[in-house]
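User: I would like to learn how to read the computed features of a protein model. Please take me through them one at a time.

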Amino acid sequence: MRRRYLLFVEILGIILALIWLAPFYLMIVNSFKTKKEIFTDTLSFPAAFSLENYYDAFERLSFLQTLLNSVVITVVSVGIIIIFSSMAAYALSRNKSKISSILFFIFIAAMLIPFQSVMIPLISIFGKLDLLNRIGIIFMYLGFGSSLSIFLFYGALSGIPKTVDEAARIDGASNFQIFWHIIFPMLKPITVTVGILNTIWIWNDYLLPSLVINQQGMETIPLKMFYFFGEYTKQWHLALAGLTLAIIPVIIGYFLAQKHIIKGVSEGAVKQ
């Protein structure tokens with residue numbers, strides 16, 4: 001009976017895996033075809049594997065510049081979110097008072113506010129301040145990403161006893177030195193978790209860049225892909241090649257950081 005159950009689970013897993021991989025198969029296979037081949041037979045392999053579509057899509061996407069824009073915005077935003085959120089959580093967790101409790105409640109309540117409800121006034125204010133650019137969007141990501149990050153760091157800090165701070169303070173360390181040299185390294189698992197969550201969100205975000213970035217050559221990958229599909233909707237061979245190029249950095253990044261991602265998520269969950 002157990003063998004039948006395991007066999008059923010294995011078959012079900014294979015079927016689900018094939019269903020999950022089907023869109024990737026269609027995207028990659030059709031990215032090598034001509035437009036005529038795509039409309040003739042979508043499921044079959046191309047008559048000849050050619051990189052012409054990729055060369056064309058690479059050039060029209062301005063791929064290197066677009067990739068650089070996404071990397072800069074994502075890395076800087078995530079780095080700032082981690083630093084400011086961890087410091088804020090440390091201050092709130094170590095200075096227990098009515099004010100700190102109110103501030104922490106405000107941060108938690110902010111997670112319930114949808115971006116769409118503040119979208120128009122926020123863009124209007126940033127437009128008047130001439131911050132509808134790369135700096136402006138990084139500042140917005142800091143604001144929208146801090147609430148969840150502070151909540152996660154606050155929970156992790158609850159598991160670190162205050163005696164660690166007191167011992168370092170007796171040795172003459174300042175509050176900044178205690179946090180940066182002692183507490184922050186102890187927060188590595190939850191820091192990885194916060195970094196992963198914010199990286200996924202910022203890298204794949206389309207709505208905020210579409211509202212904030214209005215300068216030619218500063219588009220992120222999701223924004224550029226939207227324009228690309230809008231321009232080449234009928235030329236699916238180019239659009240699919242461009243889409244394949246867009247997901248390559250994500251796949252490479254995941255495989256390079258796979259061990260850190262799995263370890264960070266699992267240890268961060270335990271810390272919580």
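Analyst: We start with overall extent. The radius of gyration is taken over C-alpha atoms, and the globule rule is 2.2 Å times the number of residues to the power 0.38. One caution before the values: this is a predicted model.

User: What radius of gyration does the protein chain have, and what would a compact globule of 272 residues have?

Analyst: The protein chain has 23 Å, whereas a compact globule of 272 residues would have a value near 19 Å. Along the principal axes, the C-alpha atoms fill a box of roughly 75 × 65 × 35 Å.

User: How many helices and strands does the protein chain have?

Analyst: There are 14 helices and 0 strands.

User: How do I read burial, and what share of the residues of the protein chain count as buried?

Analyst: Buried means under 20% relative accessible area. By that cut-off, 36% of the 272 residues are buried. The accessible surface of the chain comes to about 16,700 Å², with 71% of it belonging to carbon and sulfur atoms.

User: Which share of the contacts with a separation of 6 or more comes from residues 24 or more positions apart?

Analyst: A contact means heavy atoms within 4.5 Å. Residues 24 or more positions apart account for 71% of the contacts in that class.

User: Now a single residue. Is T244 buried or exposed?

Analyst: T244 counts as buried because its relative accessibility is 8%. T244 lies in helix α13, residues 236–256. Its side chain reaches the backbone oxygen of L240 at 2.8 Å. Setting aside residues up to four places away in sequence, T244 touches M27, I28, S31 and Y54.

User: Where is the place of I160, and which residues is I160 in contact with beyond its neighbours within four places in sequence?

Analyst: I160 sits in the loop between α7 (134–157) and α8 (163–170). I160 has a relative accessible area of 7%, so I160 is buried. Beyond its neighbours within four places in sequence, I160 is in contact with R94, I183, M186 and L187. I160 and A91 are 69 residues apart in sequence and 13 Å apart in space, C-alpha to C-alpha.

User: How far apart are the mean positions of the positive and negative charges?

Analyst: The chain has 20 positive and 14 negative charges, and their mean positions are 10 Å apart.

Note on methods. Residues numbered from 1 in each chain as written. Predicted model: local features only at pLDDT ≥ 70, side-chain atom pairs only at ≥ 80, totals over all residues. Heavy atoms only, no water. Helix = DSSP H or I, 4+ residues; strand = E, 2+ residues; numbered from the N terminus. Buried < 20%, exposed > 50% of the residue type's maximum accessible area, 1.4 Å probe, protein only. Areas by Shrake-Rupley, 256 points an atom, 1.4 Å probe, with all protein chains shown as cover. Lys, Arg positive; Asp, Glu negative; His and termini not counted. Charge placed at Lys NZ, Arg CZ, Asp CG, Glu CD. Polar contact = N/O pair within 3.5 Å; in protein donor to acceptor, adjacent residues only side chain to side chain.
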